[in-house]
Amino acid sequence: MEPCRRAGLSGVLCSLSLLCVILDIQLDGVFGATQAEIEHHLEMGRKLLAAGQLAEALSHYHSAVEGDSKNYLTFYKRAAVFLAMGKSKSALPDLTKAIQLKPDFLAARLQRGNILLKQGSTQEAREDFEAVLQRSSDNEEAQNQLMKANELEELQEEAQAAYHQGDYSTTITVLERVIEISPWDPESRELRAECYIRMGDPQKAILDLTPTTRLRNDNRAAFLKLSKLHYSLGDHHESLNNIRECLKLDQDDKECFSHYKQVKKLSKQLDSAEELIQEGRHQEAIEKYESVMQTEPNVPYYTNLAKERICFCLVKIKSATEAIDVCSEAHQRDPRNANVLRDRAEAYILNQDYEKAVEDYQEAREFDGDSNDIKEGLERAQRLLKQSRKRDYYKILGVSRSANKQEITKAYRKLAQQWHPDNFQSEAEKKEAEKKFIDIASAKEVLTDPEMRQKFDAGEDPLDPENQQGGGGGQQGWPFHFNPFESGGSFHFKFQYN
């Protein structure tokens, strides 16, 4: 305390003075000790940056900045790492700090001006380039960039004027150059996206809006718009992803939450319907797709999809007439949909209308010439058409192509009784009855044998001599190649219905 008394200081002031001296000594020790560490961090940062190990280099520059916040070069070097990592927004504060510490640091001003120009901030960019030229009038880069900044400002005004006049095509053309000069400007991309939407090109709008979600810190509006665009195009999964990103930024955003509920409900129904189809539960899938149309009646894509898939399911459950009606409606809504044409062709086959089936398959092939399903379906429909002009066993028995064995046997018994030759007296009537009876018996033989029926359904008549090995002529096939009527006109027998 003696030095304090000599200096004329009171007890309190003396104590504070001594405390400051102690702190100065301690801080000097700290900074003195860390100066070597700062140099080490700077050296390691330089080496790692040169080696392309950006994250590790950044970590060392963080430590160097924390150790010495007065060194403009340390901030500038860290900004260089941020730029190398594509983080221009993080580089800006460091460049600004470097300029504050050393206002005549032209490299930092030029770098900041370049970033501001790419962000579309023409006024601020111009100020930096002009500051560089004031100190270095022959700086070629600053001269060129200043010209670009002036050009950009004029183009931005031109684009806005064209947009407000409703000339969206011109706006897009002007914005191409704007975005070339300022690729990090979200406003230019958002304006061009709006033009694409108004011109009916949502795909291009999506391409412009997607990067803006990264160019703005909180771009919920872009996520919402992207979600709605994907939704309108039928990409419900991507729509759901984007609207979830909006809610990550603010879970209480009313507009995003409202849209999220709609997308989530519809997406769940669509996924569930497809799962039911994969499991072969086609009737349940039809009901689910009917729910889809109720959930979203205003976006044509989902109604078209629902009609297409209901058409497919009706064919699978062999409801031929209803399938033709629904498939026809789906075709009217989407005339170039090859899947709808394929499924309606299958419905026509079920309905034994082979000419229309061939027509639909031929039209489907025009829209999807690479599909093996369509190619094979067309060949099958053509075989069935050719076959129907000979003998159609389903028509002979008067049953549908989806008839089961019991229905086939019942129809056979009824017709066999009706056309039994013993029921007729004149020779002409007996001859006609014999022909009918043979056809009826042949139909029963083919359609009650699973293997033969499968061949017939594929367009091949298993009783046609042309399709049998060895070829050969002969009459139309009586089962097992035996015709009881060849033994004479007065032949009588008892027929067993099995």
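User: What should I know before reading the model?

Analyst: The model is predicted: local features need pLDDT of at least 70, side-chain atom pairs count only at pLDDT 80 or more, and totals for chains, interfaces and linings use all residues. Residues are numbered from 1 along each chain as its sequence is written, and side-chain values use heavy atoms, with hydrogens and water left out.

User: What is a salt bridge, and how many does the structure hold?

Analyst: A side-chain nitrogen of Lys or Arg lies within 4 Å of a carboxyl oxygen of Asp or Glu. The structure holds 33.

User: Which residue pairs with arginine 46?

Analyst: Glutamate 43, with the closest N and O atoms 2.6 Å apart. Helices here are DSSP runs (H or I, at least four residues), numbered from the N terminus.

User: Is arginine 112 buried or exposed?

Analyst: Buried means under 20% relative accessible area, exposed over 50%, partly exposed in between (1.4 Å probe, protein chains only). Arginine 112 is buried, and so is aspartate 128. Their salt bridge has its closest N and O atoms 2.8 Å apart. It links helix H7 (residues 122-135), holding aspartate 128, to helix H6 (residues 106-118), holding arginine 112.

User: Where do lysine 307 and glutamate 329 lie?

Analyst: Lysine 307 is in helix H16 (residues 300-316) and glutamate 329 in helix H17 (residues 320-333), so the pair ties together parts 22 residues apart in sequence. Their side chains meet at 3.3 Å, N to O. Lysine 307 is buried at 16% relative accessible area, while glutamate 329 is partly exposed at 33%.

Terms used
Helices (H or I, at least four residues) and strands (E, at least two) are DSSP runs, numbered from the N terminus.
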